[in-house]
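Work through the exercises below with the structure in view. Each task is followed by its solution in steps.

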Amino acid sequence: MFLNLDKKDPLKDAVIDDSGESLTYGDLCNYSKKFAEALPYRTLIFILSENSNGSLLGYVSALDNHVVPLILSNKTEQTLFDTLYEKYQPEYLWLPTDRINDFNLKESVYSTHGYSLVKTGFTTPALYEDLSLLLPTSGSTGSPKLVRHCYRNIEANAENVMNLFCLTPDERAMAALPMHYTMGLSVIASHLYAGATLLLCGKSLLDSGFWKMLKDGATSFTGVPYSYELLTKLRFFRMDLPALKIVTQGGGKLTEEMWMNLANYAEEKGKKFIATYGQSECTARMAYLPAELAKTKVCSIGIAEPGGQLSIIDNDGNETFEGEATGEMVYRGENVTLGYATCKEDLLKGDENHGIMHTGDLARRDSDGCYFIVGRLKRFLKIFGLRIGLDEVENLIRSNYDTDCYCSGDDEHLLVKLTNAAIAEEMPAFIEEKTHLFHQRIQIQVVEKILRNEAGKVINQ
């Protein structure tokens, strides 16, 4: 069975959602069989997901029965949903029962825990035999481009993460990241693979229901940088939370200040802070920094996760696996996905990556073998011969000023958007000092807010 769920203690709680309802591992197996009775053949479905037991049952049951799901947020913007719906033409939707009428669909073939499996009228598409799961590319806001996973990708990621965190059936993981987000699915799959219990929470970090679950014996919490910004305002770092053993981060780069807040909190409270790095194209996690290095390797992504391998290709095309180097980071592992899909016909494609992912991230490897992300290959400007790393400028600003920011531009100007109007006047001189870019080539724009998705990634800028 998927993730060997049938090998777990059938009476053990597998998941408890924020309604307080629990499902055992035996329940997951039984509902998977009922799902198969309603849909006894391989096809494509869309899951309109939320962090709830009903949503999780659709995900587990689909993969267990070799039905291929595309997982989207239940709050997906309508234009994007319509584009994906027409482009890929799923035969079924797995969606909240109270939303069936929103799609003018009537033929429901199975319902449980507030979710229903509903026919769309499209026919069964042709699918590659090992295709298991589809996810939108990270940060996608309007593109029909999807990441194609095979069954081994999901299992390898779950196994690697289980070994990374030394997960046991005694864990109670706070699963607060959205299911449609690759890191959220990684938390779910790895803990189910370990036979642990998921505390599946769809509530905002500002909601009292979130805090009730966290304080009710959660042993780990996984957040993105935006999560920890919110938690800081809620005085998270003053809390004891005796059951909490691990705080971990992914989904983007922390500021040095936030990093040290987490490292100091972990040290003072007897917990572990483990930073991780990953991409949707590699079934989420690819690297981690061991907890004991948190205060000496600030903002490092560390080393490859168990089962993976990292390397660097420098500007001359030389690939090295050890020693100091800077260049594009490459990852190898069984969690590297099959490739992309941009249309329905691409769902027949096989493995295009063959276990190797050129990440597009520029990284520096130090003498101890720890990796540091320094930018993106495409996140650079060249203004009058001067190469400007946009990620680097953003990190400099955030590390020195109390503001959110986003950098973009063209071959003539660097555009910096800030949320703190009080620092706008001094910003050109600061950036000129740090980057040597002439201040007249720097444009400052004050905005009310930098828009970000649930993963903390900037959108529509």
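A residue counts as buried when its relative accessible area is under 20%, and as exposed when that area is over 50%. The model used here is predicted.

**Exercise 1. Cysteines**

Task: Decide whether Cys 407 is buried or exposed, and state how many disulfides there are.

Solution:
1. The relative accessible area of Cys 407 is 0%, so Cys 407 is buried.
2. Cys 29 has a relative accessible area of 14%, and is therefore buried as well.
3. A disulfide needs two cysteine sulfur atoms within 2.5 Å.
4. For Cys 407, the nearest cysteine sulfur belongs to Cys 405 and lies 5.4 Å away, and Cys 407 is in no disulfide.
5. The count of disulfides comes to zero.

**Exercise 2. Lys 382**

Task: Locate Lys 382 among the strands, classify it as buried or exposed, and find which residues it touches, not counting those up to four places away in sequence.

Solution:
1. Lys 382 belongs to strand E23, which covers residues 380-383.
2. Its relative accessibility is 54%, so Lys 382 counts as exposed.
3. Leaving out residues up to four places away in sequence, Lys 382 touches Arg 387 and Asp 411.
4. His 413 is 31 residues from Lys 382 along the chain, and the C-alpha atoms of the two are separated by 9.3 Å.

**Exercise 3. Helices H2 and H5**

Task: Describe how helix H2 (residues 53-64) and helix H5 (residues 182-193) cross, and which residues make the contact.

Solution:
1. The two axes come within 13 Å and cross at roughly 65°.
2. Because of this angle, H2 is roughly perpendicular to H5.
3. The crossing of H2 and H5 is right-handed.
4. H2 contributes Leu 56, Tyr 59 and Val 60 to the contact, while H5 contributes Leu 185, Ile 188, Ala 189 and Leu 192.
5. Sorted by class, the contact of H2 with H5 has seven nonpolar residues, no polar and no charged ones.

**Exercise 4. Helices H9 and H10**

Task: Describe the packing of helix H9 (residues 390-400) and helix H10 (residues 427-435), and sort the residues of their contact by class.

Solution:
1. The axes of H9 and H10 are 11 Å apart, at an angle of about 120°.
2. This angle is why H9 is oblique to H10.
3. The crossing of H9 and H10 is right-handed.
4. On the H9 side, the contact uses Val 393, Leu 396, Ile 397 and Asn 400; on the H10 side, it uses Met 427, Phe 430, Ile 431, Lys 434 and Thr 435.
5. By class, the contact of H9 with H10 has six nonpolar, two polar and one charged.

Methods:
Residues are numbered from 1 along each chain as its sequence is written. This is a predicted model: local features need pLDDT of at least 70, side-chain atom pairs count only at pLDDT 80 or more; totals for chains, interfaces and linings use all residues. Side-chain values use heavy atoms; hydrogens and water are left out. Axes are lines fitted to C-alpha atoms, for helices over the stretch in contact, and angles run from 0 to 180 degrees between N-to-C directions. Helices (H or I, at least four residues) and strands (E, at least two) are DSSP runs, numbered from the N terminus. Angles under 35 degrees count as roughly parallel, over 145 as roughly antiparallel, 65 to 115 as roughly perpendicular and the rest as oblique. A crossing is left-handed if the near helix is turned anticlockwise from the far one by less than a right angle, and right-handed if clockwise. Contact means heavy atoms within 4.5 Å. Ala, Val, Leu, Ile, Met, Phe, Trp, Tyr, Cys and Pro count as nonpolar, Asp, Glu, Lys and Arg as charged, and the others, Gly among them, as polar. Buried means under 20% relative accessible area, exposed over 50%, partly exposed in between (1.4 Å probe, protein chains only).
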